[in-house]
Amino acid sequence: MYWVTPRHLAGDDDVLAERIGDALSGLGWRMWPTSRHTLLYVSPDGLCGAEWILAAYPFELGGLPVALQLSARPHATSVMTEWNAYFTTGVPYEALADLLLAIDSRKAPDTGLATPETVINALSAQGWLRDVDRPRTTAMDPGFSSSVSLEMMPPLIQDADPRSDLVGWQSWSEPVLGAPYLWCASFSASVPHDLVAAFASPVPVPRRTLPKSAEGRLSVVRRS
């Protein structure tokens, strides 16, 4: 077992589904399989959903298959979701666990008062660098291998706001320039900004296998 940092380059250790399933069950979310061969989790209050869509939809971000979709709605009986967030394979499961805890702690997961600056300030506090040209909406890790940026939403990203010119937070990790992405994440326009800010952390994480593309960029804190 390796304890490595930074977390955003650690990959998912090929246990993303198991770890997030454990986290959701620990929060009391109910789960059942769907007719689309997906696994659907619903929060105790019925306001949030998490669905493993990897086996059902040919949906990609940055050339990687989307594995998990998170959503929130204003009322448990509402048919339409207010916002959605999408995560590919390779996303560190600890980042998603932190996000789920932040969602679970909110009484109204579909709304928030924070501004976009909240995300950039949180990343700056962890040593990330503001983009010179877009200091309020884009930040990169010190090794320039990962980025979080407020961008036009990619195709197939769903939001309650039907306008076509919406922007949402997009994040990705590219340890080697021009090589395949390690992971990608897309947040629709209505995702509360403070939830996106909960997505990053400098805390070392345990891994049994390390991403080859991140060799030379990961620091091994200790082995066990």
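Modeller: Strand β2 (residues 30–33) pairs with strand β3 (residues 39–42) in the antiparallel sense, over 4 bridges. Keep in mind that this is a predicted model. Arg30 has Val42 in β3 as its bridge partner. The two strands form a hairpin, with 5 residues between them. In that turn, His37 has a positive phi of about 65°.

β3 also pairs with strand β4 (residues 48–52). Here 4 bridges join the strands, and they run antiparallel. Tyr41 finds its bridge partner, Ala50, in β4. β3 and β4 form a hairpin with 5 residues between them. Gly46 sits in this turn and has a positive phi of about 75°.

Now the other pairing. An open sheet of 3 strands runs in the order β13-β1-β14, with antiparallel pairing. Its edge strands are β13 (205–207) and β14 (219–223), each pairing on one side only. From one strand to the next, the twist averages 40°. Strand β1 (residues 2–5) is joined to β13 by 3 bridges. Trp3 stands opposite Pro206 in β13.

Follow the chain on from β1. Asp14 lies in the loop between β1 and α1 (16–26). Asp14 counts as exposed because its relative accessibility is 67%, and the cut-off is over 50%. Asp14 and Pro92 are 78 residues apart in sequence. In space their C-alpha atoms are 9.8 Å apart.

Next, the interior. In soluble globular proteins, nonpolar side chains tend to be buried together. The largest nonpolar core in this model has 42 residues. The members that touch the most others are Ile20, Leu70, Phe87, Leu96, Leu99, Phe187 and Phe199. Helix α2 (residues 93–104) gives the largest share of this core, 7 residues. Take Leu96 as a case. Leaving aside neighbours within four places in sequence, Leu96 is in contact with Leu16, Ile20, Leu68, Phe87, Val91 and Phe199. A second, separate core has 9 residues, including Ile53, Tyr86, Leu166 and Cys184.

Helix α3 (residues 116–125) has its own buried set: Val119, Ile120 and Leu123. These residues cover an arc of only 90° around the axis, so they lie on the same side of α3. An α-helix has 3.6 residues a turn, so residues three or four places apart point the same way. The buried residues of α3 pack against β8 (129–130), β9 (138–140), β10 (146–152), β11 (167–173) and α4 (193–197). After α3 comes Gly127, with a positive phi near 95°.

Ser188 is found in the loop between β12 (183–187) and α4. Its relative accessible area is 1%, so Ser188 is buried. The cut-off for buried is under 20%. The side chain of Ser188 makes a polar contact with the side chain of Asp159, at 2.6 Å. Not counting residues up to four places away in sequence, Ser188 touches Trp83, Asn84, Met153, Ile157, Gln158, Asp159 and Gly168.

Back to your starting point. β3 takes part in both hairpins, with β2 and with β4.

Methods:
Residues numbered from 1 in each chain as written. Predicted model: local features only at pLDDT ≥ 70, side-chain atom pairs only at ≥ 80, totals over all residues. Heavy atoms only, no water. Buried < 20%, exposed > 50% of the residue type's maximum accessible area, 1.4 Å probe, protein only. Arc of directions from axis to C-beta. Contact = heavy atoms within 4.5 Å. Pairing = 2+ DSSP bridges. Axes fitted to C-alpha atoms, helices over the stretch in contact; angles between N-to-C directions. Polar contact = N/O pair within 3.5 Å; in protein donor to acceptor, adjacent residues only side chain to side chain. Core = buried A, V, L, I, M, F, W, Y, C linked by side-chain atoms within 4.5 Å.
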